[in-house]
Amino acid sequence: GTEPVRGYILTYVVAIAFIVIGKLDAIAPIISNFFLMSYALINFSCFNASLAQSPGWRPAFKYYNMWVALIGSLLCLAIMFIMNWWTALLTIAVVAALVAYVVYKKPNVNWGSSSSALLYIGTLRSLYKLQATEDHVKNFRPQILVLSGLPSSRPGLVNFALQICHNAGAVVCGQVLLGTFESNRTVREASKRDTFIKSAKIKAFHSIVTAPSLRHG
């Protein structure tokens, strides 16, 4: 199912380990540091979401400010080291290991993270700067529109365009659906789910348009 079984097991093991220790004074700094790390990450997430200008992030608190969230995150980290420096380092190491594990496993999910929003904003700003720059022969990059239809239906044509660009230019795989938007809704959704570009690790884009004829498309 969708239950986080490994998360349950990890929580169980950590809880049993603390119970076995049996000394509250010994485990109190560790527990407090993990709580502070949770608060630090929550505050930083609020700051990061505001910095990314995510449309889905709309805090209703009247006195909310992104910089206060950042300061709160830094204060949590500072208090961690003031309480006990080695438990603070241990907490940071455990959290870093968990993050590294998630990055390594690369789960096939889309959380709509603020990091994706920041990537989008950075790419958009770079495109604006590039648009304001005049073309020069030294910076020439081929930009090819390949009328491949569904990329998986003509992989040879797509690979030929990629060889021309030599991974230094933009390749757009164009697909024209004849008819109206409504009549091709199902086909559009199926085409968007085509995983050929992702599975083959091809550096190209897939663009779908609807038109009454191939020439108009």
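Helices here are DSSP runs of H or I with at least four residues, strands are runs of E with at least two, and both are numbered from the N terminus. Okay, some housekeeping. What you see is a predicted model, where local features need pLDDT of at least 70 and side-chain atom pairs count only at pLDDT 80 or more, while totals for chains, interfaces and linings use all residues. Residues are numbered from 1 along each chain as its sequence is written, and side-chain values use heavy atoms, with hydrogens and water left out.

Let's start with pockets. A pocket, on a 1 Å grid over the protein atoms alone, is an open set of points where a 1.4 Å probe fits, with protein on both sides within 12 Å along at least five of seven lines, and lining residues have an atom within 4 Å of a point. Volume is the space filled by probe spheres set on the points, with grid points joined across faces, edges and corners.

The largest pocket holds about 770 Å³. It has 20 lining residues, and Arg 6, Gly 7, Leu 10, Thr 11 and Leu 98 are the closest to its centre. Which helices build that lining? At least two residues each come from α1 (5-21), α2 and α4 (85-105), with α4 giving the largest share, seven residues. By class, we get 15 nonpolar, two polar and three charged; Ala, Val, Leu, Ile, Met, Phe, Trp, Tyr, Cys and Pro count as nonpolar, Asp, Glu, Lys and Arg as charged, and the others, Gly among them, as polar.

The second largest pocket comes in at about 610 Å³. Its lining also runs to 20 residues, with Leu 130, Arg 141, Gln 143, Ala 168 and Ala 170 closest to the centre. Helix α5 and strand β2 (170-178) each put in at least two, and the classes are 10 nonpolar, six polar and four charged.

Leaving out residues up to four places away in sequence, Asn 48 touches Ser 114, Ser 115 and Leu 118.

Methods. Contact = heavy atoms within 4.5 Å.
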